[in-house]
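This report describes one protein chain for a reader who has not seen it before.

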Amino acid sequence: MLLLAGLAVVLTFSVTPIPARSDPPAKPSGEDALRAKVADLETRRAIIEKKLAEPDSDTIPFGDVTVNLAEERMTGYLRVKITIEVDETAFKELSRLVEKNKAAMKSWAISHLSGKTVKDVGGTAGVERLKGEIQKQFGEILAPKAKQNPVKAILFEEYLIQ
């Protein structure tokens, strides 16, 4: 009987492999490693796309407006490059509205600025006055029924009188 018990123990150990302590951990197959890299790249791509979709700032480029000034004796012109500063919470909606109403906004700016003289548009006071006038009108065009002007400020990237 003792002999049968010994034989059972020998058979049990011979059938069940015992891992050696010095065996290295199993390496993932080449396919598994490739899948892990692809998953990592897809995650990085999603992060980059999300960052690109978010606005860098709360400004909307409007573009250039060039007009002849209303001078009697000489020919003068004004060229401005306008950027519209808006509240960042309404950036997407206002960007869409600016694109939709750009022709009306530009037409108003041309009509308004062409009635100015060099004296009207010159100096710090003239520049600031124009910013305020444009801000008010652009706000009315973009949101005619709003209680508060959605345009926070008008920024001039270029301002040239000649």
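## The chain as a whole

Read from the N terminus, the elements of the chain follow the order α-α-β-β-α-α-α-β. That comes to five helices and three strands. The model is predicted.

The chain has 162 residues, of which 22% count as buried. It exposes about 12000 Å², and carbon and sulfur atoms supply 58% of that area. Among contacts between residues at least 6 apart in sequence, 68% join residues at least 24 apart.

## Helices α3 and α5

Helix α3 covers residues 91-114 and helix α5 covers residues 123-142. Their axes come within 9 Å and cross at roughly 130 degrees. Angles over 145 degrees would count as roughly antiparallel and those from 65 to 115 as roughly perpendicular, so α3 is oblique to α5. The crossing of α3 with α5 is right-handed.

Which residues of the two helices meet? From α3 come Leu94, Leu97, Val98, Asn101, Ala104, Met105, Trp108, His112 and Leu113. From α5 come Leu130, Glu133, Ile134, Gln137, Phe138, Ile141 and Leu142. Sorted by class, this contact has 12 nonpolar, three polar and one charged residues.

| Residue | Relative accessibility | Class |
|---|---|---|
| Val80 | 1% | buried |
| Lys116 | 14% | buried |
| Glu71 | 26% | partly exposed |
| Ser114 | 30% | partly exposed |

The cut-off for buried is under 20% relative accessible area. Val80, at 1%, therefore counts as buried, and Lys116 is also classed as buried because its value is 14%. Glu71, at 26%, counts as partly exposed, as does Ser114 at 30%.

Val80 lies in strand β2. Leaving aside neighbours within four places in sequence, Val80 is in contact with Gly63, Asp64, Val65, Leu113, Phe156, Glu158 and Tyr159. Leu113, one of these, also belongs to the α3 residues that meet α5.

Ser114 is placed in helix α3. Not counting residues up to four places away in sequence, Ser114 touches Val67, Asn68, Leu69 and Ala70. The C-alpha atoms of Ser114 and Leu78 are separated by 8.4 Å, with the two residues 36 apart along the chain.

Where is Lys116 placed? Lys116 is in the loop between α3 and α4, the latter being residues 118-121. Not counting residues up to four places away in sequence, Lys116 touches Leu69, Ala70, Val121, Leu130 and Glu133. Leu130 and Glu133 are also among the α5 residues that meet α3. Leu69 and Ala70 are likewise touched by Ser114.

Glu71 is in the loop between β1 (59-68) and β2 (77-86). What does Glu71 contact, leaving aside its neighbours within four places in sequence? The residues are Thr117, Val118 and Lys119. Glu71 and Lys119 are 48 residues apart in sequence, and their C-alpha atoms are 9.6 Å apart in space.

Methods: Residues numbered from 1 in each chain as written. Predicted model: local features only at pLDDT ≥ 70, side-chain atom pairs only at ≥ 80, totals over all residues. Heavy atoms only, no water. Axes fitted to C-alpha atoms, helices over the stretch in contact; angles between N-to-C directions. Helix = DSSP H or I, 4+ residues; strand = E, 2+ residues; numbered from the N terminus. Parallel < 35°, antiparallel > 145°, perpendicular 65-115°, else oblique. Left-handed = near helix turned anticlockwise from the far one by under 90°. Contact = heavy atoms within 4.5 Å. Nonpolar A, V, L, I, M, F, W, Y, C, P; charged D, E, K, R; others polar. Buried < 20%, exposed > 50% of the residue type's maximum accessible area, 1.4 Å probe, protein only. Areas by Shrake-Rupley, 256 points an atom, 1.4 Å probe, with all protein chains shown as cover.
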